[in-house]
Amino acid sequence: MQVTGVNRQEKKIEAMADILVQLHHGTNKLSLKGALRMGIKGALAKQGFNNWKEIADKPIATKRQFFNCLLDESMNHLLKMGFPKELEKDARVVLTKQNDKFLRS
C-alpha cells in the first residue's frame with residue numbers, strides 16, 4: 001500500500017512538472033520537481049501533517065485545501081528560481097485542473 005501511495009505522489013509531481021515545462025519551456029524539469037517537493041514540505045508543515053500519505057484518507061475538501069497551500073508554497077520557490085511571474089496565474093489554473101483529475105481518479 002505504501003508503494004502505491006509513493007508512486008501516485010511521484011506521478012503527481014511528474015505531471016505538475018510537465019505542465020510547468022509546457023508553460024515555460026526554458027525551465028529545467030528537475031529544478032521544477034525540486035521546487036514542487038519543497039512546496040510539499042512547506043505545505044505539510046503549515047497544514048500540520050507529517051507526510052503526504054496522511055492526506056490520502058482525508059476528505060476531498062481537506063485535500064483541496066492542502067493542494068492550495070502546496071501551490072502557494074511551490075510558487076514561492078518557483079518564482080525565486082526564475083519562473084516568470086506573468087505565468088503564475090496560468091500555472092495555478094492548469095495545476096488546479098490537474099489536481100482535480102487526480103482527485104477524481
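Colleague: In which helix is phenylalanine 102 found?
Modeller: The model is a predicted one. In it, the helix that holds phenylalanine 102 is H4.

Colleague: Is phenylalanine 102 buried or exposed?
Modeller: A residue is called buried when its relative accessible area is under 20%. Phenylalanine 102 has 13% relative accessibility, so the label for phenylalanine 102 is buried.

Colleague: At roughly what angle do the axes of H3 and H4 cross?
Modeller: Two packed helices are described by the angle between their axes and the distance between the axes. Helix H4 covers residues 88–104, and its axis comes within 11 Å of the axis of H3. The crossing is right-handed. The angle is roughly 145 degrees.

Colleague: How do the residues of the contact of H3 with H4 divide into nonpolar, polar and charged?
Modeller: On the H3 side the contact includes Ile60, Lys63, Phe67 and Asp72. On the H4 side, Glu88, Ala91, Leu95 and Asn99 are among them. The residues of this contact divide into eight nonpolar, two polar and six charged.

Colleague: How many aromatic pairs does the structure hold?
Modeller: A pair of aromatic rings is described by the distance of the centres and the angle of the planes. Rings count as a pair if their centres lie within 6.5 Å. The number of aromatic pairs in the structure is two.

Colleague: Is the pair of phenylalanine 49 and phenylalanine 66 stacked or edge-to-face?
Modeller: The centres of these two rings are 6.3 Å apart. Phenylalanine 49 lies in the loop between helix H2 (29–47) and helix H3 (60–80), and phenylalanine 66 lies in helix H3, 17 residues apart. Both residues are buried. Planes over 60 degrees apart count as edge-to-face, and with 85 degrees between the planes this pair is edge-to-face.

Colleague: What type of pair do tryptophan 52 and phenylalanine 66 form?
Modeller: Tryptophan 52 is in the loop between H2 and H3, 14 residues apart from phenylalanine 66 in helix H3. Both tryptophan 52 and phenylalanine 66 are buried. With 6.5 Å centre to centre and 45 degrees between the planes, the pair is tilted.

Colleague: Which residues do the ring pairs link into a cluster?
Modeller: Phenylalanine 66 pairs with phenylalanine 49, and tryptophan 52 pairs with phenylalanine 66. The cluster linked by ring pairs is Phe49, Trp52 and Phe66.

Terms used
Residues are numbered from 1 along each chain as its sequence is written. This is a predicted model: local features need pLDDT of at least 70, side-chain atom pairs count only at pLDDT 80 or more; totals for chains, interfaces and linings use all residues. Side-chain values use heavy atoms; hydrogens and water are left out. Rings of Phe, Tyr and Trp (its six-membered ring) pair if their centres lie within 6.5 Å; planes under 30 degrees apart count as stacked, over 60 as edge-to-face and the rest as tilted. Helices (H or I, at least four residues) and strands (E, at least two) are DSSP runs, numbered from the N terminus. Buried means under 20% relative accessible area, exposed over 50%, partly exposed in between (1.4 Å probe, protein chains only). Axes are lines fitted to C-alpha atoms, for helices over the stretch in contact, and angles run from 0 to 180 degrees between N-to-C directions. A crossing is left-handed if the near helix is turned anticlockwise from the far one by less than a right angle, and right-handed if clockwise. Contact means heavy atoms within 4.5 Å. Ala, Val, Leu, Ile, Met, Phe, Trp, Tyr, Cys and Pro count as nonpolar, Asp, Glu, Lys and Arg as charged, and the others, Gly among them, as polar.
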